[in-house]
Amino acid sequence: MKRMIRLLLLCLALVPAVLYGPAALAGEDGYTTSYTYNYDYWGDLRESPDAYRVDQVLYSATLGLETPMNKPQSLYVHGSDLYICDTGNNRILQVRRENGGFTLTRVIDAVKGASPETFNTPSDIAIDGAGNLYVCDTNNNRIVKMDSELNLLREYLKPDDSTFDQNLSFLPKRLVVDSSGRVFALATNVNKGLVKFETDGTFTGYIGANPVVITMWDYIWKSFFTTKEQRSQQASFVPTEYENIYIDSEGFIYATNVNFEEYDLMYDNAKPIRKLNSIGNDILVKNDHYPPIGDLQWVEESTDKGPSKLKDITVLDNDIYIAFDRTRGRIFGYDPQGIMLWAFGTKDNSEGSFLGPISLEHMGTDLLALDENGCSITVFTPTEYGQLIYKASDEYLSGQYDESADTWREVLKLNANYNLAYIGIGRSLMRQEEYGEAMEYFKMAFDRENYGRAYRYYRKTLVEDNIVPLVIVVAALLIVPLIVGRIKNMRAEVEEYERKKHRK
Amino acid sequence: MNARSTESNAAPGSFRAWWDKYIASVRYGKHVIFRPFDGFWDLVHEHRGTLGAAHTFLFLFLLTYILKLMFTNFQFISAPLQYINIYEQCASLLIPFLTLCLSNWCLSTLFDGKGHLTDIYMAMCYALVPFILIQLPMILLSNMISFDEAAYYSVLNAISIIWCCFLVFVALLEVHDYSPGKTLIFIFATIFGALVILFLVLVFFSLLSDAAAYFISLYREIAFRLY
């Protein structure tokens, strides 16, 4: 009986499936233990040194505003000028950064020569190469183009085109302008992609519609198991709207998308970050083990549920892109290969945290994060660690591989869990034909492709260096059984002969 | 051991006789995997297999699996070694294996299957031999090829598994003397039966813990009343 019970207890112990509990960004007390972190190969969270620190926080009072900011929606950086769309107050604040401080230089609240002259919820601003300003004047249903002296140049109104549903009002929400003055706008209720206006102001259609994803099960369910009445009440398969857009220096548009279900992230159907080329295809490079989706694991809290919702994105000059998460107030940095560089930030009242993350911009490598609920702009500057990462990445992109490896070694001194550094050093070692050592580094970072490449060369040199002993061993393996067989045959023949002779 | 010394010259019942029979039955594994229809019939009905050999194969199977997790090059397998518990891994193979044997026996005895529980267990263990023979050298191979040559690795992997599955099918067919169609149906029924067994075990333990909780609370209640 005792034995039986032991056996049953064994069974009981094995019933619960082997679940590797997520070690999320929570200490034993359930609170954040580290401000900056990264994910390792297993998708587990690794604390890291701070990549960015708060330089200063700009409030309405710091800028000397009489009416405090109200629901600011967007930031735009042009040179050393920072434009803040103070949407709730129908104005745009122009702030100049000088000697480390920010001073208010201009309040833009009207366009000369337009009707109406004032703005109604201006929600985004952009500036083209010639210095002309473009403003999304959302509730006036227009995009305004004006020169730097605020004289009206053009108004982009609701496209008079059959592809645009004329029953809907034109509510531009976000816009970008490319180097030749083409305007790409994101409008509320438009799910066909970005509304595109040519340089001369004509509407020429949409680009980059979110492709519709229909699973087979959805299709079967909708076609065979629902009645016509039910179907008309269900949401139809329509593409979703983008959340925000950014145009990089090469004219590629980065778009973020927040309308997806959590399970869509599993097979990367959601694609929260996209890089659109001129015909609207997603060409974002994803060379990491995990696609760029923000947080890989999280603790479900009553207020902050579900995956990261990337509200805004900004792209540095070296193609490193940085996204701003609304769910947990995180800022995620990704390199051009789609590998996460760092993540930091949280939702809180303290400095360096946010209440309502809404917009992110960069000035050089400094980051400016706008908080619509706290009505503040947090200015982040990279720490030594952050600068080293940028330096190594830049050096690699410009072909200085060995210098880059030295910088990565510096990074490793600060954070031994940094996979990208191991890969960077491995690549440099491979160029120096130190294949065995390169393999060690690639293995550390679980980089299979590069390890395989290094191993092929390693094996090749190994074979070439030891070709003589190898040939001897192989030959011996082939020849020895042959000789042994021959001897055995001969011996058998001799024995046969002996036997025959004996019989006679 | 139900092994009987039949071919050995050693005295019946001696260790030597048992050992000779054991070695012969282990070697017989080679015959079984290459000529399964003939092999599995003789294995059970002509008593050419022994339980000792079956245990050996099962043990080697578990060992191969663990070695595979530990020593396969990281290019081909991503086992989170820092989390792996060997006992847990063994149990995750052993428990389903034994449950399936039990479930198959439960069902086949009801539908005129010829096999005893030991026969089924023995045949199933012999069916694992290709896995051992292929996967063990594959551990070495994985450390000699690069990521681009992963095709060789995955083909061998697939062969070992398909071969084992085929052997399981033939084993059940021969042990129970079923027709192929009936065997196929019984394989699915066996999987279902295993789930039922799992369910019963779970229910049993949940009831047991409820019963235990009842008596514990009864004891507490009485203890509170008395003091």
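Mentor: Let us begin with pairing: two strands pair if DSSP finds at least two bridges between them. Please bear in mind that this is a predicted model.

Trainee: How do you know that strand β21 of chain A and β22(A) pair, and in which sense?

Mentor: Four bridges link β21(A), residues 331–334, to β22(A), in the antiparallel sense. The definition asks for at least two bridges, and therefore the two strands count as paired. Within this pair, A:F332 lies opposite A:A343 of β22(A).

Trainee: How many bridges join strand β1 of chain A to β22(A)?

Mentor: Two bridges connect β1(A), residues 36–39, with β22(A), and the strands run antiparallel. At least two are required, so this pairing also qualifies. Here A:Y37 stands opposite A:A343.

Trainee: To which sheet do these strands belong, and what is its order?

Mentor: They belong to an open sheet of six strands in chain A, ordered β2-β1-β22-β21-β20-β19 with antiparallel pairing. At its edges stand β2 (45–47) and β19 (310–315), and because each has a single partner strand, one side of each lacks a neighbour in the sheet. From one strand to the next, the twist averages 25 degrees.

Trainee: What makes β22 of chain A mostly covered?

Mentor: Of its five residues, 340–344, five are buried. A residue is called buried if 20 or more other C-beta atoms lie within 10 Å of its own.

Trainee: Why is A:V315 called buried?

Mentor: A:V315, which is placed in strand β19 of chain A, has 22 other C-beta atoms within 10 Å. The cut-off is 20 or more, so the residue is classed as buried. Beyond its neighbours within four places in sequence, A:V315 is in contact with A:Y246, A:D248, A:Y254 and A:Y321. Its C-alpha atom is also separated by 7.8 Å from that of A:I247, 68 residues apart along the chain.

Trainee: Is A:T121 buried, exposed or partly exposed, and how do you know?

Mentor: A:T121 has 18 other C-beta atoms within 10 Å. Buried requires 20 or more and exposed requires 12 or fewer, so A:T121 falls in between and is partly exposed. A:T121 lies in the loop between β7 and β8 of chain A, and its phi is near 50 degrees, a positive value in a residue other than glycine.

Trainee: What kind of peptide bond joins A:S115 and A:P116?

Mentor: The bond is cis, with omega at about -5 degrees. A:P116 lies in the loop between β7 (101–108) and β8 of chain A. In general, most peptide bonds are trans.

Trainee: How do you know where the buried residues of α7(A) fall?

Mentor: The buried residues of α7(A), residues 435–444, are A:Y435, A:A438, A:M439, A:Y441 and A:F442. Seen down the helix axis, they fall within an arc of 165 degrees, so they line one face of α7(A). These residues pack against α6 (419–431) and α8 (448–465) of chain A.

Trainee: At what angle do helix α5 of chain A and α6(A) pack, and how far apart are their axes?

Mentor: The angle between α5(A), residues 401–414, and α6(A) is about 145 degrees, and the axes are 8 Å apart. The crossing is left-handed. Among the residues that make the contact are A:W408 and A:L412 of α5(A) and A:I425 of α6(A). By class, this contact has seven nonpolar, three polar and four charged residues.

Technical notes: Residues numbered from 1 in each chain as written. Chains lettered and ligands numbered in written order. Predicted model: local features only at pLDDT ≥ 70, side-chain atom pairs only at ≥ 80, totals over all residues. Axes fitted to C-alpha atoms, helices over the stretch in contact; angles between N-to-C directions. Arc of directions from axis to C-beta. Contact = placed C-beta atoms within 7 Å. Left-handed = near helix turned anticlockwise from the far one by under 90°. Nonpolar A, V, L, I, M, F, W, Y, C, P; charged D, E, K, R; others polar.
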